[in-house]
Amino acid sequence: MGTASCSSKEREPEEPIISAAEGPHEAFKLNRDEQGVEHVDLKQAYFDYDKATLRPEGKKALRYDAQWLKAHPDATFQVEGHCDERGTPDYNMKLGERRAEAARRYLIALGVPASRLTTVSYGADAGSGANVRAKNRRAGFVVVYEK
């Protein structure tokens, strides 16, 4: 088959490892705005280049997010898989799916009902440079519905 994959040989040695605390959702905060809508900052699980295996800090982030889900039984989560721009579009969509599914399975193992979790892959996020690529390799979360 002609599908190109990213190999670990392509890894840039200076590429940083991004921890969950460095992502856009840095803290677990519950805030209600003037209309009473609750806003929450959730953590994200970051992945190594060309991998869909949860790292220890990704598991820690997911444990944190699972606490929020358990405290809000009417909320559902969409787990979003993302990749950096390296690799073919088809490969990156599949890698994003594997990342989202890895996060979903871990949340289920933590006691979050599978019926409250959906997954989607966005494939590659635009951006270059080692820091941007490292932040693009993640499973992010969106609260889809809350009663």
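Arg-104 is buried, at 19% relative accessible area. Buried means under 20% relative accessible area, exposed over 50%, and partly exposed in between, with a 1.4 Å probe and protein chains only. Glu-101 is partly exposed, at 25%. The two side chains form a salt bridge, N to O 3.2 Å. A salt bridge here is a side-chain nitrogen of Lys or Arg within 4 Å of a carboxyl oxygen of Asp or Glu.

Both residues sit in helix H2, residues 89-109. They are 3 residues apart, about one turn of the helix. Helices are DSSP runs (H or I, at least four residues), numbered from the N terminus.

## Basis of the model

The model is predicted: local features need pLDDT of at least 70, side-chain atom pairs count only at pLDDT 80 or more, and totals for chains, interfaces and linings use all residues. Residues are numbered from 1 along each chain as its sequence is written, and side-chain values use heavy atoms, with hydrogens and water left out.

## The Arg-55 network

Asp-48, Arg-55 and Glu-57 are linked in a network of salt bridges. Arg-55 pairs with Asp-48 at 2.9 Å, N to O. Arg-55 also pairs with Glu-57, where the closest N and O atoms are 2.6 Å apart.

Arg-55 counts as buried, at 8% relative accessibility. Asp-48 is partly exposed, at 23%. Glu-57 is partly exposed too, at 26%.

## Total

The salt-bridge count comes to 4. Among them are Asp-48 with Arg-55, Arg-55 with Glu-57, and Glu-101 with Arg-104.

Definitions and conventions:
Helices (H or I, at least four residues) and strands (E, at least two) are DSSP runs, numbered from the N terminus.
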